Amino acid sequence: MGSHLCESLLSDGHSVVCLDNLQTGRMQNVAPLLSNPRFHFLRHDVIHPLDWSGRLDEIYNLACPASPPLYQRDPIHTFRTCIDGALNLLGVARATGARILMASTSEVYGDPEIPLQSEDYRGAVNTTGPRACYDEGKRAAETLFWEFGAHQGVEVRIARIFNTYGPRMRPDDGRVVSNFIVQALTGADVTIYGQGTQTRSFCYVDDLVAGLRRLMASGYSQPVNLGNPGEFTMRELAAMVLHQTGAASRLVCCPLPVDDPRQRRPDITRARQLLGWEPKVPLEQGIARTIRHFASELGVPVRHAAFAHA
């Protein structure tokens with residue numbers, strides 16, 4: 001997501017400083033930008049203070065692994081990225097007068113008890129489960145942003161991001177879209193959890209970046225859901241990927257992970273009304289683009305004639 005945001009900002013003539021500790025990010029994602037004199041890359045971990053003395057107008061805090069296998073690999077660091085990282089970047093925003101956006105998550109709603117999650121829903125989150133380092137870290141970070149906005153004079157924005165996918169995801173990311181596509185392209189079994197009846201709502205990365213930029217430019221400081229309200233079961237997503245890749249992979253059911261949400265569907269009324277934003281890329285089209293990316297990265301030929309012309 002970060003590399004796509006950098007591209008978008010650069011294309012509009014902005015100068016961009018990109019910070020990344022490369023814990024989950026990849027230099028290849030920003031390599032084409034390094035020759036741009038308005039792009040600067042700094043390897044830095046936001047859990048450590050940032051000594052910054054230059055001008056900043058906007059800060060997008062996207063720091064934190066978002067994939068369960070990756071954020072559970074070092075849960076203490078994940079939690080510190082959410083909390084210490086937020087504090088450090090909010091301090092920079094206060095010192096520079098920059099407006100700052102927090103990339104929060106739909107995980108703040110936990111395993112929701114309602115079918116459509118609006119920003120007013122307070123969620124059902126397990127504070128001691130394997131996902132808590134991320135879920136509770138993001139919830140606490142939202143509180144820090146609100147406090148700095150309410151009492152420290154910092155202009156804050158909070159985006160609650162629902163499942164986002166697209167080119168440049170890591171093949172080993174561990175999230176469902178990348179898992180299904182890589183498994184299908186390599187002829188492996190496609191693994192679904194439980195019976196695959198749990199649902200997700202998938203937003204293509206270009207749509208999400210447009211939403212982030214509209215939110216940053218707005219005057220709204222309360223949380224805003226950004227996601228695609230189209231809802232699909234995991235079996236429906238798997239069938240779409242198998243059709244577009246032409247793979248003969250088997251569907252294999254695995255045990256459902258602890259605290260895995262049964263449903264994700266954003267109410268984006270607030271984003272529509274306040275930002276004039278809603279996603280434009282349908283899932284079938286976005287999946288086709290993402291398959292092309294992974295096929296190229298993995299060096300796998302496209303075997304499905306309909307997909308070859310998608």
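Predicted model: local features only at pLDDT ≥ 70, side-chain atom pairs only at ≥ 80, totals over all residues.
Me: What makes Arg26 and Glu297 a salt bridge?
Reply: The closest N and O atoms of Arg26 and Glu297 are 2.6 Å apart. The cut-off for a salt bridge is within 4 Å, so the pair qualifies. Side chains of opposite charge can pair when their charged atoms come close.

Me: Where in the chain do Arg26 and Glu297 sit?
Reply: Arg26 belongs to the loop between β1 (16-20) and α2 (27-30), while Glu297 is in helix α10 (residues 283-298). A search of the whole structure finds 20 salt bridges.

Me: Why do β5 and β10 count as paired strands?
Reply: Pairing takes at least two bridges, and β5 and β10 have 4, so they count as paired, in the parallel sense. One of the contacts to look for is Ile161, whose bridge partner in β10 is Leu226.

Me: What makes β3 and β10 edge strands?
Reply: β3 (58-61) and β10 (223-226) each pair on one side only. They stand at the ends of the order β3-β4-β5-β10, an open sheet of 4 strands with parallel pairing. Neighbouring strands here are turned by 25° against each other on average, direction ignored.

Me: Which strands does helix α4 lie across, and which does α7?
Reply: Helix α4 (residues 75-96) lies across β3, β4 (99-105) and β5, and runs at about 175° to β3. Helix α7 (residues 205-217) lies across β3, β4, β5 and β10, at about 155° to β5.

Me: How do you know which residues line the second largest pocket?
Reply: A lining residue has an atom within 4 Å of a pocket point, and 14 residues line this one. Glu119, Tyr121, Arg122, Glu142 and Arg160 lie nearest its centre. α5 (132-151) and β5 (156-161) each give two or more residues, and α5 gives the most, with 3. The lining divides into 6 nonpolar, 1 polar and 7 charged residues.

Technical notes: Residues numbered from 1 in each chain as written. Heavy atoms only, no water. 1 Å grid on protein atoms, 1.4 Å probe; cavity = no way out; pocket = protein on both sides within 12 Å on 5 of 7 lines; lining within 4 Å. Nonpolar A, V, L, I, M, F, W, Y, C, P; charged D, E, K, R; others polar. Axes fitted to C-alpha atoms, helices over the stretch in contact; angles between N-to-C directions. Contact = heavy atoms within 4.5 Å. Salt bridge = Lys/Arg side-chain N within 4 Å of Asp/Glu carboxyl O.
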